[in-house]
Amino acid sequence: MRPSARVQAAIEILDKVIEAARSQGAPADRILADWSRGNRYAGSKDRRAVREHVYAAIRACGEVPSSGRAAMLRVAEEEPELAALFDGSQYGPAAIAEGEAVADGGVAPEWIEDRLIAADIPEEEAAALLGRAPLDLRVNTLRADPDTLGLPEEAEQLQVPNALRLPAGTQVEQWPAFRDGLIEVQDAGSQTACLAVGAQPGELVIDLCAGAGGKTLSLAAAMRNEGTLIACDTDRGRLSRLAPRAERAGAEIADTVLMNPGKEMDALTGWVGQADAVLVDAPCSGTGTWRRNPEARWRLSPGELLRLVKLQERLLGIAAQLVKPGGRLVYVTCSLIDEEGAGQVDRFLAANPRFHTETLQLPLGRPRGKGIRLTPHHDGTDGFFIASLSCT
Ligand SMILES: C[S@@+](CC[C@H](N)C(=O)[O-])C[C@H]1O[C@@H](n2cnc3c(N)ncnc32)[C@H](O)[C@@H]1O
């Protein structure tokens, strides 16, 4: 494909991404994959270039743009080489007309920017939310020794124990170390959240929102496969991905529990007041993960944020019932909005006098309210809020 044809393809894909964002349709990655399947003439370099154009435009536009072309013109305003490709050639985009609409820039829709400002996220921190995430690995200590693990590429050792960093886009899936479960792909912020749980061998630990088990596997390693680790979720598809991952990682103590949304306690009655630690890695707006999923900010609405805040509050209430006296409840979100983080914890503590805040000693992050906050700008990780609450 000629460079201008790649730009036109990206514009057409962006039109679909915009439509899908408005109607909560397919994510951008799926739309790109469909385009690749339907346009076999596009080689791997074409596909990579088109993808880069699409994501550059998504990152560049804070609000949902009016069209794919307006979004691409936003990028072209900053990049003269891209603007030159609007040349009206066959398969390329039409020449730029005078006064043509260009999408607004900015970090996010205004109402979200207001929430970030209220959460004391200054402009440069907010901009870093849209950078490119490196590839972080966790050495799986159930299978490997971090000191003797040889990897095919130079990996930077991070402050977080067992965490390594490789450049964005490194393909580790084919590495024997990955196939054999010696390493896991896991953001260093996510690894830090697991450290906050302080899971010990022999304990009963419940991962209430385990998803596909990214944190569960880390907890199993911290527990050295000794004790009981219960991984719960309401999403059958996600939870079903945990078992093969656990097998690869040699995480033998992880048991899964599928819960009914709204009736979660029905599946948890056996553990009331029993857990040494409960991790609530709550469903959230994901404002801290825009580096991986910049389109998420086009899909969030005030109503959806409110729904998530209420769900988080309910999940905290469930977790509180499971923690034994002397045990801990660790609350984590990958959001930087206070309503989902520091504010949520303040409300919980006010309503649950049995719980009080534990001071966390973590290798990354800064205090925020009664917890710790990690940001891409300050910590080089996804954005997280982490709080540890102990039960008397
Ligand atoms: C942030 S993700 C968890 C990610 C996972 N812990 C990891 O490290 O990969 C939040 C999870 O909460 C789950 N969830 C949503 N509603 C829930 C509910 N009512 N009870 C438990 N989990 C729920 C979602 O299915 C999703 O997997």
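This is a predicted model: local features need pLDDT of at least 70, side-chain atom pairs count only at pLDDT 80 or more; totals for chains, interfaces and linings use all residues.
After that, have a look at the core whose most connected residues include Val-205 and Ile-386.

**The annotated cysteine**
- Cys-334 sits in the loop that runs between β9 (323–333) and α15 (342–351).
- Setting aside neighbours within four places in sequence, Cys-334 touches Cys-284, Gly-286, Thr-287, Gly-288 and Thr-289, plus Gly-383 and Phe-384.

**Two loop residues with positive phi**
- Tyr-91 isn't a glycine, yet its phi is positive, near 70 degrees.
- You'll find Tyr-91 in the loop between α5 (80–83) and α6 (110–118), and it counts as exposed because its relative accessibility is 60%.
- Asp-120 also has a positive phi, near 60 degrees, and belongs to the loop between α6 and α7 (123–128).

**The nonpolar cores**
- The largest nonpolar core holds 37 residues, and Val-197, Val-205, Leu-219, Leu-229 and Ile-386 have the most contacts inside it.
- Elements giving two or more residues to this core include α10 (214–222), β6 (228–233), α12 (242–249) and β13 (384–391).
- The largest share, five residues, comes from α9.
- Beyond its neighbours within four places in sequence, Val-205 is in contact with Val-197, Ala-199, Leu-219, Met-223, Thr-228, Leu-229, Ile-230 and Ala-277.
- Another core, of 32 residues, lies apart from that one, with Ile-206, Ala-275, Ala-282 and Ile-318 among its members.

Conventions: Residues are numbered from 1 along each chain as its sequence is written. Side-chain values use heavy atoms; hydrogens and water are left out. Helices (H or I, at least four residues) and strands (E, at least two) are DSSP runs, numbered from the N terminus. Contact means heavy atoms within 4.5 Å. Buried means under 20% relative accessible area, exposed over 50%, partly exposed in between (1.4 Å probe, protein chains only). A nonpolar core is a set of buried Ala, Val, Leu, Ile, Met, Phe, Trp, Tyr and Cys residues joined through side-chain atoms within 4.5 Å.
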